[in-house]
Amino acid sequence: MERTLAIIKPDAMGAGKAGKILAHLETSGFRVCALRMMRLTEAQAGAFYAVHRGRPFYESLVRFMTSGPVIPVVLEAENAVARLREVIGATDPAEAAEGTIRKLYAGSKERNAIHASDSPKAAAEEVSFFFPQEALVDPEG
Ligand code: CMP
């Protein structure tokens, strides 16, 4: 079993799609280990996306990610990191495959409904960015 991090982004929250996205993730075989709802500060969003600092979209991305609440979620499945990337689809919803979360719910390359860790190393870092070890629950009970 592997764990990864998803974030339901402010556009999807504002559109009232959080429940549908969580249902899509569960139907796709992921189990929820932890989740919280929060509003990111500029410092938190900047730190989370530090790898993109200097890119033309960075400042707009931080503005977007702090524009409303988000739901970070820890998900568990076999091969969770790669499988979640498949289930959410390409960064740009115009390029995302039919049936993926971004195809269904995203509006643009920036406002793309959901984030997913892009490697096992990033997943470990991103999970601990939002959740202390004791907040992670075994979904099997
Ligand atoms: P995410 O998977 O959260 O990782 C980085 C985010 O930056 C990405 O989703 C998009 O929200 C945003 N992003 C990436 N590339 C671009 C781009 N070319 N223009 C605008 N936003 C982008």
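At 18% relative accessibility, Pro139 counts as buried, a term used for residues under 20% relative accessible area, with exposed meaning over 50% and partly exposed the range in between (1.4 Å probe, protein chains only). Pro139 is placed in the segment after helix H7 (120–130). Helices (H or I, at least four residues) and strands (E, at least two) are DSSP runs, numbered from the N terminus. Between the C-alpha atoms of Pro139 and Gly54 the distance in space is 38 Å, and the two residues are 85 apart in sequence.

The model is predicted, so local features need pLDDT of at least 70 and side-chain atom pairs count only at pLDDT 80 or more, whereas totals for chains, interfaces and linings use all residues. Residues are numbered from 1 along each chain as its sequence is written, and side-chain values use heavy atoms, with hydrogens and water left out.

Phe131 also lies in the segment after H7. With a relative accessibility of 6%, Phe131 counts as buried. Phe131 and Val73 are 58 residues apart in sequence, and their C-alpha atoms are 9.3 Å apart in space.

Strand S3 (residues 71–77) contains Glu76. Glu76 is buried, its relative accessible area being 10%. The side chain of Glu76 is joined to that of Arg3 by a polar contact of 3.0 Å. A polar contact is a pair of N or O atoms within 3.5 Å; within protein, one atom must be able to donate a hydrogen and the other to accept it, and residues adjacent in sequence count only if both atoms are side-chain atoms.

The loop between S3 and H5 holds Asn79. Phi of Asn79 is near 55°, which is a positive value in a residue other than glycine. Helix H5 (residues 80–88) includes Ala82. Ala82 is partly exposed, at 35% relative accessibility. From Ala82 to Ser60 the C-alpha distance is 27 Å, with a separation of 22 residues in sequence.

A positive phi is found in Ala113 as well, near 70° and again in a residue other than glycine. Ala113 belongs to the loop between helix H6 (101–105) and strand S4 (114–116). The relative accessibility of Ala113 is 0%, and the residue therefore counts as buried.

Oxygen atoms of the ligand lie 2.7 Å from a polar side-chain atom of Lys9 and 3.1 Å from a polar side-chain atom of Arg102. In the side chain of His115, an N or O atom is 2.8 Å from an oxygen atom of the ligand. Of the 460 Å² of accessible area that the ligand has on its own, the protein covers 81%, with areas taken from the Shrake-Rupley method with a 1.4 Å probe.

The largest pocket is the space taken by the ligand. On a 1 Å grid over the protein atoms alone, a pocket is an open set of points where a 1.4 Å probe fits, with protein on both sides within 12 Å along at least five of seven lines, and lining residues have an atom within 4 Å of a point. A molecule sits in a pocket if more than half of its atoms lie within 2 Å of its grid points.
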